[in-house]
Amino acid sequence: MSVKFEKETIRESPIFGGRKHETAHEIGERLTGGETMTGYLAAYLKQLQENPLRTKMLTSGSLAALQEVLASWIAHDRSKHGHYFSARVPKMAIYGAFVSAPLGHVMISILQRLFKGRTSLRAKILQIVVSNLIVSPIQNSVYLVSMAIIAGARTFHQVRATVRAGFMPVMKVSWITSPLALAFAQQFLPEHTWVPFFNIVAFVIGTYINAHTKKKRLAALRKKHYGDGRSNSGRTDEFSRRDY
């Protein structure tokens, strides 16, 4: 008795989501450079080491401008021209590039020099304490002064009122997020990447706070408008918008 075995043909079936996986892999290779380390991230880190202040200024300025546009979009806060690109966007870019970045560069450099070579747990905790009690108050005060001027404050009393009203709320946010961010940086990041990392953390938190503030302002304007009834011209106009 003979037994005949038929040849079985096995075809490779396409992997579900294979193309998406390849695309994601290509993007990752482009960003990081893969094994060659020639991607965008590697180029950015190289610039950060070779031209630290200039790179931080460009990063901070871009993030500050993007934060304003994104917060306006989230809050549906259009300018008087009907779009999200208001006069605040270039002002925020100037603040990020010429105020926030140089200040952060100097403050973080001093903090790193004070604790250079000290890797004990006690030194790390002390670094977090110094950052929260000295560095954060200085940076937040400069931030509030800058925001007051951008918002239209022109006298010392107006600026001081803005700083006094916003200082403790901003510090409370810093005291929650700063220790976590600094502890993460201490553990996982090289020192020359700290300022961009803190810029990204500040971008996320700042976008949320900015959008929340815009929503509250728009709600107050709507309440004032509908509470006042009709305008002097006898018709109900869209509540006023400020292109600031």
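Predicted model: local features only at pLDDT ≥ 70, side-chain atom pairs only at ≥ 80, totals over all residues.
## A helical chain with a nonpolar patch

The protein chain holds 7 helices and 0 strands, so it reads α-α-α-α-α-α-α along the sequence by the DSSP assignment.

**The chain overall**
- Of the chain's 244 residues, 33% count as buried.
- The accessible surface of the protein chain is about 16,900 Å², and carbon and sulfur atoms account for 63% of that area.
- Among contacts with a separation of 6 or more, 64% join residues 24 or more positions apart.

**The nonpolar surface patch**
- A patch of about 840 Å² is formed by L121, I125, L126, V129, L133, I134, I138, M168 and W175.
- Two helices, α5 (121-151) and α6 (156-188), each provide at least two residues of this patch.
- Helix α5 gives the most, with 7 residues.
- W175 counts as partly exposed because its relative accessible area is 39%, which falls between the 20% and 50% cut-offs.

- How far apart are the end C-alpha atoms of α5? They are 42 Å apart, which agrees with the 45 Å that its 31 residues should span at 1.5 Å a residue.
- Look for a bend of about 40 degrees in α5 at S131.
- After α5 comes G152, which has a positive phi, near 120 degrees.

**Q67 in helix α3**
- Q67 sits in helix α3, which covers residues 52-75.
- Is Q67 buried or exposed? With a relative accessibility of 9%, Q67 counts as buried, because the cut-off for buried is under 20%.
- Leaving aside residues up to four places away in sequence, Q67 touches M92, A202, F203, G206, T207 and N210.

**T207 in helix α7**
- T207 belongs to helix α7, residues 194-228.
- Its relative accessibility is 6%, so T207 counts as buried too.
- Beyond residues up to four places away in sequence, T207 touches Q67, L70, A71, I74 and A202.
- T207 and L70 are 137 residues apart in sequence, yet their C-alpha atoms are 7.0 Å apart in space.

Definitions and conventions: Residues numbered from 1 in each chain as written. Heavy atoms only, no water. Patch = residues over 30% accessible without salt bridge, like charges linked within 9 Å, V, L, I, M, F, W, Y side chains within 5 Å. Areas by Shrake-Rupley, 256 points an atom, 1.4 Å probe, with all protein chains shown as cover. Salt bridge = Lys/Arg side-chain N within 4 Å of Asp/Glu carboxyl O. Helix = DSSP H or I, 4+ residues; strand = E, 2+ residues; numbered from the N terminus. Buried < 20%, exposed > 50% of the residue type's maximum accessible area, 1.4 Å probe, protein only. Expected span 1.5 Å × (residues − 1). Bend = angle between axes of the 7 residues up to and from the residue. Contact = heavy atoms within 4.5 Å.
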